[in-house]
Amino acid sequence: MTAMYSLVFVFLLVLIPLLGVGSAHLEFFFAVCVPTTAIIIFLAGFVYKIFKWTRSPVPFRIPTTGGQQQSLSWIKQNKWDNPSTGAQTFMRMLLEVFAFRSLFRNTKVQLNKETGVLGYASAKWLWLFAILFHYGFFIVAVRHMRLFTDPVPFFFTALEFGDGILQVGVPRLYLSDLLLVAGVSLLLVRRLWDARIRYISLFTDYFPLLLILGIALSGIYMRYFAKVDVVAIKAVTMGLVTFHYADLPFAQIGISFYVHVFLVSTLLVYFPFSKLMHLGGVFLSPTRNLPNDSRIKHHENPWNPAIKPHSYEAYEKDFGPAMHEAGLPVVDPANRGEEG
Amino acid sequence: MAKMKPEELIKGLDYNPPSTSWMDLKADTSAGNWAYPGKPEIVKYLIGEGLPLANPREWVPSDEDWKLPPNWRDIIHQGFHERLEKYRSLKLFMDVCVRCGACADKCHYFIGSGDPKNMPVLRAELMRSIYRKDFTLAGKILTKLTGSRVMEEDVLKEWFIYFYQCTECRRCSLFCPYGIDTAEVTMMARELMHLVGLNINWILEPVANCNRTGNHLGIQPQAFKDIMDFMVDDIEEVTGVRVKAPLNEPGHEILFITPSGDAFADPGIFTFMGYLILFHYLDLDYTWSTYASEGGNFGLFTSSETMKKLNAKMYAEANRLGCKWILGGECGHMWRVINQYMDTMNGEIQGPQMTTPVNPITGTVFKNAAATKMVHITEFTADLIKHGKLKFDKSRNDHRRITFHDSCNPARGMGLLDEPREVIKACANHFFEMPSNTIREMTYCCAGGSGLNTDEIMDIRLRGGMPRGKALAHVQEKHDVNTLSCVCAIDRATLIPLSNYWAPGVQVSGVHELVGNALILEGEHERTMDLRQEPLKGFEDEV
Ligand code: SF4
Ligand code: SF4
């Protein structure tokens, strides 16, 4: 049901530029005003969110240790899963951010009710789907930079060349387009398929997936089917980033472009205020980005409250006579409780 | 003991969620689903000690009326706000979960119960739903669709049921792509609940005891001495040697602190004897203390203030007695507190006499304890073994076929994995690992920590213990394992019913019990029995 709402919502979003450009001819509004505002909101929102997180301190070091600690010299430390220095922690984070290492550990519990055997199967599907999706998305996004740079830096052309290396069709098929659509669809199917995941899923889980799928499909449609005028698009995008809006060839671009841009703008606006901010959050997670060194080095808790232990003096007052009788040392003679 | 047989329990398990949305399901507050609430006089005592608890009263969770303060909503809201400002972890964990479900089947309570609210992600959503409503814009507008809801009494009741049904074991955190630690969320939820008077006695009574008498069990100093004398007698009976047992003595280099569970009952006392034997063997310059006779810290299950207060005693006592460093016994959450919090919370009360620990027998400098000045007993013993300082007769553990249970806290909050294994392998011949998905950092909880070690919720404990129990039954079947060793006093208490239920016949032991058995003491007579006074292999007829 929630998935349906999200789908309907994405359709509504598609309708807006269809009507706005198709009927009302608000090309300038949809090609310039909407994306510019969206980018501003995205950037400001992203920074705001990171700022908001970092404003709260990390009073304690609470890394989840995934392996052997640094201990005796002859015991092999698991440096990447239980780092004790900054460099080791950096490696842990690299692996986390670029290889989704924690997710790679995933297992699935399997209970055989007949035999009573509780087994653990490797379950790397989620990892695989997530990798496909994120790398697909990343490459697609970076490749788009070609539209916003002039001259196009070598890096972007090289990436584009590599991406299209299969040389299939005209225009050439990008592998990353496939990755992205496959990744996002698989994640969606998984969410709908697995009863448990469906149970925990919210509107806010389906919506971004469907939105991104919509973005990918509209982009693919533009490029491979509608075969929009790329030269005109580049003129518009360059106009956008250089703030020169006069004489841009809006009319030469098919309407699918406006749908694509509108959906991307929606994503940009939605991003900082949603779970998509895990992009920024993953870098800040205190269970991953801290070395396990609080036995080694002192760390300061900025709000450390002044709390004292129940004192030994009070303790001895309480139990002194009994301690004395039992032959335990009693420091203050007054607490010994002896007569006379 | 559970009403159901293990087979029946397994047959009844269903991992498929119900058709009703979780928000529409009320928590079951009938008896058996909760541990007894804190006694009013104990709550009052702790409030008097300056700890952030409130609303002492007689109340019963299965009653409709929980006798909350009239402004409980404001208190929770305010407390929530405060904690968001104090802990980046909380803020982040509220915001970045993508509900990917990677953590869903990682929690032993979910595996043993199939209750979807025991999936870590959903457990945290119980709190996140309120966070969204109270602290985010989208949550204010779209409500249920975006997973937000209004704080009601039913929500609070649900918190009480499910946040006390989390052992803060962090297994979920290991698998989460963002390291979201539901244990951390649980800790915050409990702090909030304490502010309106929702607490459980199994946590608060030990806290109160520990504060006043020095240990959870409320053992008073003279009784503590009696216990030690009794153990010294028993050791003499087994070994023929009368070991030294210094208590509250100033002027020694090392202060030794272990959880008081070891002083209390089977099988902890055998581990306690193991320490005494080892230290006597080494002629260690050390002392025990009655004032700091507790390593375990139930503050971890209560609030950071409580944790700090209880932990501070260790340094206070080291200072008073003039000790240079502290040696810590086998305990799970004690070590999580020492590793993650101790120096940050209490570093400033460390006296100037304290120095980076050095093993007086081997000269090894424990650089990894440079700040806390506190060394784990298995680090210490492993170091001795490596340097060939201990003479063992391994065959004295031959009647034991041993496996090792990694306690969650030292495993996932510290990384103490190889040290205990080194010790066990050095003093016993038969050691077998449980399946790799259930040990080391992936270890499964004993399902008894965090205030669940209580009989009124035995069913929940046994369910939660199922993954550990199954792994144990596996090695029992495959390798004839009859001993489950561990380095945690809570484990030594909670694993017993668990193994009786899931793997009957397996005994639970500490690691230093094995050390005590194998260590060859100078002047000892021929040993025919182990510290439990059970016959050694080959002496079955003589005892
Ligand atoms: S694994 Fe982490 S991100 Fe995924 S559902 Fe669990 S807590 Fe959320
Ligand atoms: S910390 Fe442990 S008990 Fe709590 S939700 Fe995570 S896995 Fe379950």
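**View 1. Helix 17 of chain B and what its buried residues pack against.** In this predicted model, the buried residues of helix 17 of chain B pack against strand 1, helix 14 (268-282), strand 3, strand 4, helix 19 (418-427) and helix 23 of chain B. Helix 17 covers residues 377-386, and eight of its ten residues are buried, so the rest of the structure largely encloses it. Here "buried" stands for under 20% relative accessible area. Who are the buried residues of helix 17 of chain B, and which are they by name? They are B:Ile377, B:Thr378, B:Glu379, B:Phe380, B:Thr381, B:Ala382, B:Asp383 and B:Leu384. Past the helix comes B:Gly388, with a positive phi near 65°.

**View 2. The four-stranded sheet of chain B.** Look for an open sheet whose four strands come in the order 2-1-3-4, paired in parallel. At its edges are strand 2 (286-287) and strand 4 (374-376) of chain B, and each of them pairs on one side only. Let's zoom in on one pair. Strand 1 (residues 254-257) and strand 3 (residues 325-328) of chain B run parallel and are joined by four bridges. Within this pair, B:Leu255 sits opposite B:Ile326 of strand 3. Helix 15 (residues 304-321) of chain B packs on the sheet and touches strand 1, strand 2, strand 3 and strand 4. The direction of helix 15 makes about 145° with that of strand 1 of chain B.

**View 3. The three-stranded sheet of chain B.** This open sheet has three strands in the order 5-6-7, and again the pairing is parallel. Strand 5 (402-405) and strand 7 (507-510) of chain B are the edge strands with a single partner strand each, so one side of each has no neighbour in the sheet. On average, and ignoring direction, neighbouring strands here are turned by 35° against each other. Strand 5 and strand 6 (residues 483-486) of chain B pair in the parallel sense over four bridges. To spot one of these partners, find B:His405, whose bridge partner in strand 6 is B:Cys486. Across strand 5, strand 6 and strand 7 lies helix 23 (residues 511-518) of chain B, running at about 80° to strand 7.

View 4. Which residues are around ligand 1? From chain B, they are B:Cys97, B:Val98, B:Arg99, B:Cys100, B:Gly101, B:Ala102, B:Cys103, B:Val121, B:Cys176, B:Pro177, B:Tyr178 and B:Ile180.

Technical notes: Residues numbered from 1 in each chain as written. Chains lettered and ligands numbered in written order. Predicted model: local features only at pLDDT ≥ 70, side-chain atom pairs only at ≥ 80, totals over all residues. Heavy atoms only, no water. Pairing = 2+ DSSP bridges. Helix = DSSP H or I, 4+ residues; strand = E, 2+ residues; numbered from the N terminus. Axes fitted to C-alpha atoms, helices over the stretch in contact; angles between N-to-C directions. Contact = heavy atoms within 4.5 Å. Near = heavy atom within 4 Å. Buried < 20%, exposed > 50% of the residue type's maximum accessible area, 1.4 Å probe, protein only.
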